[in-house]
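I am opening this notebook to keep track of what I look up in the structure.

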Amino acid sequence: MKRFFSLIIFSLLFGFTLSAQGYEVGDKAMDFTLLNVDGKMVSMADYPDAKGFIVIFTCNHCPYSVAYEDRKIALSKQFEPLGYPVIAINPNDSTLQPQDSYSQMIVRANEKQFPYPYLLDADQSVFKTYGATRTPHVFILNKEEGDLIVKYIGAIDNNYEDAEEVTEKYVESAIASLQEGGNPDPAFTKAVGCTIKYKK
Amino acid sequence: MPAFFVNILILMHTVFSEPVNVVESKPAIMDFDTFQQFLEHENDTVYVINFWATWCAPCVKELPNFEKLNQKFGDRNFKMLLVSLDFRKMYETRLIPFIEENKLSAEVILLHDPDANAWIDKVSPEWSGAIPATLIYKNDFRVFHEGGYTFDELNTIVEPLIP
């Protein structure tokens with residue numbers, strides 16, 4: 001009985017925050033217009049020739065994101081010429097995580113010479129619509145009859161700590177499947193990451 | 001006795017030794033297969049298993065709430081594990097100094113298993129992988145929460161589970 005009550009109390013306390021939101025594989029994704037580190041606004045509509053996009057929610061402060069920086073740069077160089085540009089989006093509220101402020105984003109983008117746009121989700125609506133929960137968190141979109149369809153959600157690969165130890169490159173094989181006209185398998189993976197910082 | 005079993009015995013001794021109010025200066029390092037046993041006990045003990053990292057601000061912010069809970073119930077049928085997801089290379093440079101500086105009374109282990117997609121669902125299918133995250137269980141009762149906890153929230157869940 002005690003168990004039952006604590007379950008009820010728990011549901012009252014937290015139940016509403018656990019409701020699932022955001023995209024699932026197969027959903028239609030919305031475009032966005034966000035401020036890039038170069039001061040310009042960027043939308044996916046600015047890429048009429050793209051076959052799809054590798055959208056990565058990421059940030060400055062999170063060591064899991066930092067550990068993937070070089071791998072994100074490599075993905076961009078490999079897949080933008082093939083029609084799948086990387087677009088990085090920082091979803092964090094910089095009043096809660098000062099290292100993720102717009103000015104710090106510019107500093108990091110210059111230090112690492114990011115070859116991809118690094119956008120600020122200033123009103124934090126994009127990560128909520130997509131359903132990103134952590135950094136890094138990848139959404140691969142494919143253009144199909146004018147729509148952007150979510151084809152893969154998850155991790156970049158299967159080792160956040162050491163690129164040398166990776167045995168499964170999820171993003172790379174997902175794009176390879178799309179290029180062959182198939183669907184990624186796996187289409188959904190999980191990864192350890194930093195919580196996206198927002199005011200509840 | 002094969003070394004493997006000796007290791008398991010040492011590990012079990014480390015994790016179950018009472019009282020818990022002792023600073024363990026050297027957290028055990030384990031992969032998920034070794035860690036998994038701590039998610040499956042059916043021994044009437046309340047387990048509070050918190051996933052965190054030294055660099056994770058919301059995790060560090062809520063640690064005092066866990067410490068307070070551990071102080072309150074540590075001598076009862078209660079076991080707290082603070083499961084660090086820091087990188088292996090930060091074990092000596094960050095994790096151990098952090099435990100010492102903050103005088104953590106709850107036991108810390110370093111879960112070193114970067115193929116997280118293979119094990120996140122085994123902790124809870126509700127977990128996206130973001131930290132902080134906490135599993136509280138006793139026998140077949142389980143509550144998982146991704147995000148922070150206040151002391152009162154923790155206490156509300158744990159207190160009724162302790163006879």
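What is the order of the strands in the open sheet of eight strands in chain A? I read the order as β1-β9-β8-β4-β5-β6-β2-β3, with mixed pairing. I note that strands pair if DSSP finds at least two bridges between them. Helices (H or I, at least four residues) and strands (E, at least two) are DSSP runs, numbered from the N terminus. The edge strands are β1 and β3 (41-42) of chain A, each pairing on one side only.

Before going on, I note that this is a predicted model, in which local features need pLDDT of at least 70 and side-chain atom pairs count only at pLDDT 80 or more, while totals for chains, interfaces and linings use all residues. Residues are numbered from 1 along each chain as its sequence is written, and chains are lettered from A and ligands numbered from 1 in the order in which they are written.

**Chain A overall.** I counted six helices and ten strands in chain A. The C-alpha atoms fill a box of roughly 60 × 40 × 35 Å along the principal axes. Buried residues make up 42% of the 200 residues; buried here means 20 or more other C-beta atoms within 10 Å of the residue's own, exposed means 12 or fewer, and partly exposed is in between, with C-beta atoms placed from the backbone.

**Strand β4.** I looked at β4(A) next. Six of its six residues are buried, so β4(A) is largely enclosed by the rest of the structure. Gly52(A), Ile54(A) and Ile56(A) are buried on one side, and Phe53(A), Val55(A) and Phe57(A) on the other. In a regular strand the side chains alternate between the two faces of the sheet. β4(A) pairs with strand β8 (residues 137-144) of chain A in the antiparallel sense over six bridges, and there Val55(A) stands opposite Phe139(A). Four bridges join β4(A) to β5(A), and these two run parallel. Ile54(A) has Val86(A) as its bridge partner in β5(A). Helix α3 (residues 69-79) of chain A lies across both β4 (52-57) and β5 (86-90).

**The core.** Which residues have the most contacts inside the largest nonpolar core? I found Ile54(A), Phe139(A), Ile140(A), Val171(A), Ile131(B) and Val158(B), in a core of 93 residues. A nonpolar core is a set of buried Ala, Val, Leu, Ile, Met, Phe, Trp, Tyr and Cys residues joined through C-beta atoms within 7 Å. Strand β2 (residues 46-52) of chain B gives the most to this core, with six residues.

Lys28(A) is in strand β1 (residues 28-29) of chain A. Is Lys28(A) buried or exposed? Lys28(A) counts as exposed because 11 C-beta neighbours lie inside 10 Å. Leaving aside neighbours within four places in sequence, Lys28(A) is in contact (C-beta atoms, placed from the backbone, within 7 Å) with Asp147(A), Leu148(A) and Ile149(A). Lys28(A) and Asp147(A) are 119 residues apart along the chain, yet their C-alpha atoms are separated by 6.6 Å.

**Where chain A touches chain B.** I find 27 residues from chain A and 27 residues from chain B in the contact. On the side of chain A, α1 (2-14) and β10 (193-195) each give two or more residues, and α1(A) gives the most, with eight residues. β10(A) pairs with strand β5 (residues 130-131) of chain B in the parallel sense over two bridges. In that pairing, Gly193(A) stands opposite Ala130(B).

Terms used
Contact = placed C-beta atoms within 7 Å. Axes fitted to C-alpha atoms, helices over the stretch in contact; angles between N-to-C directions.
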